[in-house]
Amino acid sequence: MPVAELLADLRALVSEQDLLTEERLRDRIYDPAAGDVRARALVRPRDTAQVAAVLKLCHSRGQTVVTHGGVTGLVWGAAATENDLILSLEAMNRIEGVDVAGRTMRVEAGVTLQTAQEEAERHDLMFPLDLGARGSATIGGNISTNAGGVRVVRYGMMRNLVLGVESVLADGTVLCSLNRMLKNNAGYDLKQLFIGTEGTLGVVTRADLRLVPRPRSYSTAFVACPDFNSMARLLGIVDSGLGGQLGAFEALWPEFYELVTTPPATHTAALPYGHGLYVLIEGLGAEPQVDADRLERVLEDALAQDLIVDAVIAKSELERRALWGPREDVRQMSRLGPTHNFDVSLPMADMPGYLETVRRGLTECAPRARMFVFGHVADGNLHVVVSAGEAHEATFDAVERCVYEPLRTISGSISAEHGIGLERKAWLEISRTPAEIATMRALKAALDPRGILNPGKVIDVQRS
């Protein structure tokens, strides 16, 4: 479809300020990890009706559409060619209301995660999803990727926190599955079609979110373990010892810990280097002193069993933030130059063997590569970052093979929380069977028969 004709049609649907063309698009800076963005036009609807009108137009003309939220993804999910139209939900950023008694919040898809969190706190509640990109990542993006973050061990993935959604299908049909009830078994739960499907089946425009009571206490500690097996046993002791209060259990391998606590990083090392593994532990409770004493007793027990060799407990909010700082400062990786960023999922028992296999493979395919590991081990999620320096491009495929292939024999997943996008599509068959992929294609064909939504993302389909 000629760009001039498309722009003329779009101007009839949205205001001039909400239609950005090449000149204004050049001012936007995109992280390369989000994908190569070359689109010549971006439209930002102000409400669901405008989203529907834009998609109806694009469907009738066979115009491909790439949806953008906060553009914080890492799997090239925001990539857009010169022939694509970007549909950005940034202007749909209103919080429509909070039901305090029912503990729900209704938001538009462009609301950032941090804004939703802060609104919940104003009502003495909490929206428990939390991740480092909270200030930029949007609720719509969190839904489309089924985001995880640091509190999955307690509250589950984004899927567990979404009660209902409103979505617009490829042909402009508005599908309202908004719902503020915990129990609703009236037929198919259609919202699930749009959670974790990366905008390939429809565009989420509004959502009902589940809130929980705001914790009255945060009991936070940073500990050093002699080895992986000790850390695994520690998880069991901490989880049971805190009586269901465990909110985060984040593991930092030594290479990552040293990177984020040495200059130019601004964080200081809370514990000495040289230990086998480091773990950030946080309990979310209701009685500050009681909860602090409980965590201290649990750690004393772990120390007596030689599961930890050193520990520091935060005594203030300032100290708590200082303990979290290194874990969240993943941008330190950028000082190494281009990196391969992976987030894999696998059974905890397989983690040591898997990482050893990956290290061995990297030694052969990229001898100068450095590997950094951290992650949400309590829910089976490891973040593996590989820096190959000047050999980044030359070793790209080989490094991916080293990280992904070992997952095949242990039934692991190539994506724990970041999604598939374009970057991981070639490896999907490691984690999904041919029958599953065929079913995905059938769903795509049913809901987006012309293949206009996020073309090429997740799976390949024939466009009509």
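Modeller: This is a predicted model. Let's start with C365.

Biologist: Is C365 buried, partly exposed or exposed?

Modeller: C365 is partly exposed, at 24% relative accessibility.

Biologist: Which cysteine sulfur is closest to the one in C365?

Modeller: That is the sulfur of C402, 3.3 Å away, which is too far for a bond. A disulfide would need the two sulfur atoms within 2.5 Å.

Biologist: Switching to charges. How many salt bridges are there?

Modeller: The structure holds 35 salt bridges. One of them pairs R331 with D31, with the closest N and O atoms 3.0 Å apart.

Biologist: Where do R331 and D31 lie?

Modeller: R331 is in the loop between α10 (317-328) and β16 (340-345), while D31 is in the loop between α2 (22-25) and β2 (41-43). The pair therefore ties together parts that are 300 residues apart in sequence.

Biologist: How accessible are those two?

Modeller: R331 is exposed, at 56% relative accessibility. D31 is partly exposed, at 27%.

Biologist: What about E317 and R321?

Modeller: Their side chains meet in a salt bridge too, at 3.1 Å from N to O. E317 and R321 are four residues apart in helix α10, so about one helical turn separates them. E317 is partly exposed, with a relative accessible area of 36%, and R321 is exposed, with 57%.

Biologist: Which residue does R432 meet in a salt bridge?

Modeller: R432 meets E436, and the N to O distance is 3.4 Å. Both ends count as partly exposed: R432 at 40% relative accessibility and E436 at 32%.

Biologist: Last topic. Which residues gather in a patch of negative charge?

Modeller: D293, E296, E300 and D301 do, on the surface.

Biologist: Where is E296 placed, and how accessible is E296?

Modeller: E296 is in helix α9, which covers residues 288-304. At 32% relative accessibility, E296 counts as partly exposed. That is enough for a patch, because patch residues need over 30% relative accessible area and no salt bridge.

Methods. Residues numbered from 1 in each chain as written. Predicted model: local features only at pLDDT ≥ 70, side-chain atom pairs only at ≥ 80, totals over all residues. Heavy atoms only, no water. Buried < 20%, exposed > 50% of the residue type's maximum accessible area, 1.4 Å probe, protein only. Patch = residues over 30% accessible without salt bridge, like charges linked within 9 Å, V, L, I, M, F, W, Y side chains within 5 Å. Areas by Shrake-Rupley, 256 points an atom, 1.4 Å probe, with all protein chains shown as cover. Salt bridge = Lys/Arg side-chain N within 4 Å of Asp/Glu carboxyl O. Lys, Arg positive; Asp, Glu negative; His and termini not counted. Charge placed at Lys NZ, Arg CZ, Asp CG, Glu CD. Helix = DSSP H or I, 4+ residues; strand = E, 2+ residues; numbered from the N terminus.
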